[in-house]
Amino acid sequence: MLVVHNEKILDFIKYRYSLGDLQRLSAFLSENDVLRFPHLENGLFPAALVSNETEYTGYTNVWLRDNVYLAYSHYIIGKTAIAVKNIQTLMNYFQKFQRRFINIIQGRVNPEKIMERPHIRFEGRTLTEIDQVWQHAQNDALGYFLWFYCRLAREKYVELSPHCLETIALFPLYFQAISYWQDEDSGHWEETRKIEASSIGVVVAGLRELKRLLIKTEINLTAENRRITPAFLADLIEIGEQALYQILPAECLLPVPQARSYDAALLFLIYPLQVVETNIADQILNNVIVHLQGDYGIRRYLGDSFWCRDYRLIPPEIRTTVSTERENWLQEQGRGLNLGEEAQWCIFDPIISAIFALKFQSTGQEKYLNLQTHYFNRSLGQITGKDSPLGEFKCPELYYLEQGKYIPNDATPLLWTQANLQIALELIKKSLSQ
């Protein structure tokens with residue numbers, strides 16, 4: 001079943017595309033600003049475009065994870081200057097707050113004090129921290145930055161100044177100090193802390209990319225009077241890989257309620273990070289398709305209370321709290337969470353399309369091109385139509401149940417969704433060119 005919210009896009013959706021079809025589709029998306037990425041002067045992106053009514057979401061702020069994906073999506077389509085400016089500004093932010101890494105590395109601060117960890121959400125214009133309690137224990141966000149910065153540096157898009165090298169060297173020391181392979185963090189979804197494969201895997205990807213950079217450039221990487229060598233990184237990577245494969249293809253093996261067999265965040269370990277072995281990647285992909293896929297998008301995980309059924313009835317100050325507080329409020333109101341009523345997100349279908357793109361491009365098997373096309377079409381179908389109160393031609397964060405009907409939530413358009421759609425579009429062009 002293919003749900004298409006915008007009737008005008010129906011004219012462009014094909015079950016088998018030609019390059020000409022994709023050129024016309026790209027022009028149509030451009031004409032309607034579907035893939036427009038407003039950004040700050042310093043190159044950072046807000047999480048979403050919000051109005052006065054939706055400002056409560058806080059999505060005018062900058063999220064580290066989202067910005068790496070946005071930068072990466074521009075890198076993929078050849079707009080490397082946008083990617084480099086973004087990643088260099090993120091580096092400036094980390095240089096400004098090096099003390100958060102150093103305090104934990106030196107043992108002066110207990111990493112259990114979450115507000116003392118490096119902040120992954122901040123005010124973008126001034127690169128200042130936000131005075132609000134937040135789930136800053138998000139090792140994946142730091143791992144994403146390390147991964148992409150080192151990739152750009154290895155490809156000589158960014159210049160490695162002594163100050164930048166000193167900052168980069170803090171990352172592996174920090175990951176070692178917190179024992180990232182067994183650290184309970186809040187991960188991609190900024191929720192209850194647990195040991196989760198999706199976070200460990202991103203850190204492993206970042207450390208691998210740093211190791212590649214060191215081997216290629218033979219730079220001297222030192223911080224806190226310690227030299228970061230390929231051998232040191234290899235040991236740090238190995239312990240992470242061992243922990244990762246003890247958990248995969250699950251997300252978390254801790255006892256209930258932290259236990260989680262399926263989580264769509266694991267898709268990112270397959271693409272863009274390519275950090276898991278093929279057989280495990282196939283299990284993760286199958287688990288998401290079988291257990292989390294819906295008609296309107298893909299659930300993050302089963303029992304997800306964020307933008308669950310009739311979410312607007314929840315007070316705004318409760319909507320944006322951590323999941324445990326939100327779920328406690330729902331229980332107090334006598335509103336249980338029913339499986340199947342979770343929000344269906346729009347950031348995942350483009351990633352699944354990208355995963356099948358890699359399979360097709362490496363094997364040439366037509367079945368993978370067909371699956372790549374199917375999930376690309378699902379992504380197009382999620383673009384809002386003329387009946388959307390949030391506007392036409394927007395890429396939502398998710399669709400949720402409101403009075404029995406799935407509608408886009410307040411974080412529309414979400415720039416991360418746009419970024420992933422842009423990646424999927426580029427990769428289907430590449431598949432057809434091949």
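P249 is located in the loop that connects helix α9 (230–247) with helix α10 (267–270), where helices (H or I, at least four residues) and strands (E, at least two) are DSSP runs numbered from the N terminus. The bond linking L248 to P249 is a cis peptide bond, with omega near 5°. The loop between α9 and α10 also contains P257, and the peptide bond between V256 and P257 is likewise cis, with omega of about 15°. The model is predicted, and local features require pLDDT of at least 70, side-chain atom pairs count only at pLDDT 80 or more, and totals for chains, interfaces and linings use all residues. Residues are numbered from 1 along each chain as its sequence is written, and side-chain values use heavy atoms, with hydrogens and water left out.

Further backbone features concern phi. Most residues other than glycine have a negative phi, and most peptide bonds are trans. K156, which is not a glycine, has a positive phi of about 65° and belongs to the loop between α6 and α7 (162–177). A positive phi, of about 55°, is also found at E190, again not a glycine, in the loop between α7 and α8 (197–217). Solvent accessibility was classed as buried (under 20% relative accessible area), exposed (over 50%) or partly exposed (in between), using a 1.4 Å probe and protein chains only. K156 is exposed, at 70% relative accessible area, whereas E190 is buried, at 15%.

Strands β6, β7 and β8 form an open sheet in the order β6-β7-β8, with antiparallel pairing; two strands are taken to pair if DSSP finds at least two bridges between them. Strands β6 and β8 are the edge strands, each pairing on one side only. Two bridges connect β6 (residues 344–345) with β7 in the antiparallel sense, and Q344 stands opposite Y399 of β7. On the β8 side (residues 405–408), four bridges join this strand to β7, also antiparallel, with E402 opposite K405. The β7 and β8 strands make up a hairpin with two residues between them; in its turn, Q403 has a positive phi of about 50°.

In a regular strand the side chains alternate between the two faces of the sheet. In β7, L398, Y400 and E402 point one way, while Y399 and L401 point the other way, and all are buried. Because five of the five residues of β7 (residues 398–402) are buried, the strand is largely enclosed by the rest of the structure.

In soluble globular proteins, nonpolar side chains tend to be buried together. A nonpolar core is defined as a set of buried Ala, Val, Leu, Ile, Met, Phe, Trp, Tyr and Cys residues joined through side-chain atoms within 4.5 Å. The largest such core has 126 residues, of which F145, F148, F175 and Y180 touch the most other members. Helix α6 (residues 139–154) provides the largest share of this core, 11 residues. Apart from this core lies another, of 17 residues, including F28, F376, C395 and A424. With contact defined as heavy atoms within 4.5 Å, and residues up to four places away in sequence not counted, F145 touches L64, V68, I87, L90, M91, F94, I168 and F171.
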